[in-house]
Amino acid sequence: MIILGVDPGLTRCGVGVIEAGAYRRLSFIHVDVVRSDPHESQDLRLLKIYDGLCSKMDEFIPDTVSIERVFAQENRNTVLGTAQAAGMAMLAAAQRGIPVALHTPTESKMAITGNGKAEKIQMERMVARILNLNALPTPADAADALAIAICHALRPSGALEGGEREQHLTPAQRQWAQATQHATRRRGVRRGM
């Protein structure tokens, strides 16, 4: 399975492409940053991001596009541009019939390091280790895009329901699956389920 990860941003939009093989073996394919000029109007910047993402999807033909979920930040302008760039990625994928998955930064950190509060350097080192890279991926937007792609590949979907898949999970994946189940149960209790 080819997974294209997107770290959305209006000035720099990270794109990382990996292949997930049997037993969750991951291989590096490509990493890049699609850029827009901050001095251009917002519509032209979004068009540049959209065109760049379309080009990457057409080149690598991913089976899934994994996008970092936008979360609230103090700077509304930054969050707005990030959300719009994420929308461009979703649109480009939808036009090509490619499924989209959204993952939070915390989910990505849990999937890769087993620690939802891992530092950026810890994440970069684990991304390099998982993908057998000789150097840390740069810039940070590119490393984050690879991390989101890896997160999708390592997601524990249904892994704790028993069966053969559970034995192929890493300790970090098991911990992430347990945390997800715990959070789901807590939400159910709060909603009176």
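I started at Arg12, which is partly exposed, with a relative accessible area of 39%. I kept in mind that this is a predicted model.

**Entry: Arg12 and its partner**

I looked up what the Arg12 side chain meets. It forms a salt bridge with the side chain of Asp141, 2.7 Å from N to O. I then placed both residues. Arg12 sits in strand E2 (residues 12-20) and Asp141 in helix H5 (residues 140-154), so the bridge ties together parts 129 residues apart in sequence. Asp141 is buried, at a relative accessible area of 13%, whereas Arg12 is partly exposed.

**Entry: Lys56 and Asp32**

I turned to Lys56. Its salt bridge is with Asp32, and the closest N and O atoms are 2.7 Å apart. This pair links distant parts of the chain: Lys56 belongs to helix H1 (residues 42-60) and Asp32 to strand E3 (residues 26-35), 24 residues apart. Here I found the lysine buried, with a relative accessible area of 10%. Asp32 is partly exposed, at 31%.

**Entry: Lys120 and Asp144**

I went on to a pair between helices. Lys120 and Asp144 form a salt bridge, with 2.9 Å between the closest N and O atoms. Lys120 lies in helix H4 (residues 120-130) and Asp144 in helix H5, so the two tie together parts 24 residues apart in sequence. I noted Lys120 as partly exposed, with a relative accessible area of 43%.

**Entry: tally**

How many salt bridges does the structure hold? I count 4. Among them are Arg12 with Asp141, Lys56 with Asp32 and Lys120 with Asp144.

Conventions
Residues are numbered from 1 along each chain as its sequence is written. This is a predicted model: local features need pLDDT of at least 70, side-chain atom pairs count only at pLDDT 80 or more; totals for chains, interfaces and linings use all residues. Side-chain values use heavy atoms; hydrogens and water are left out. Helices (H or I, at least four residues) and strands (E, at least two) are DSSP runs, numbered from the N terminus. Buried means under 20% relative accessible area, exposed over 50%, partly exposed in between (1.4 Å probe, protein chains only).
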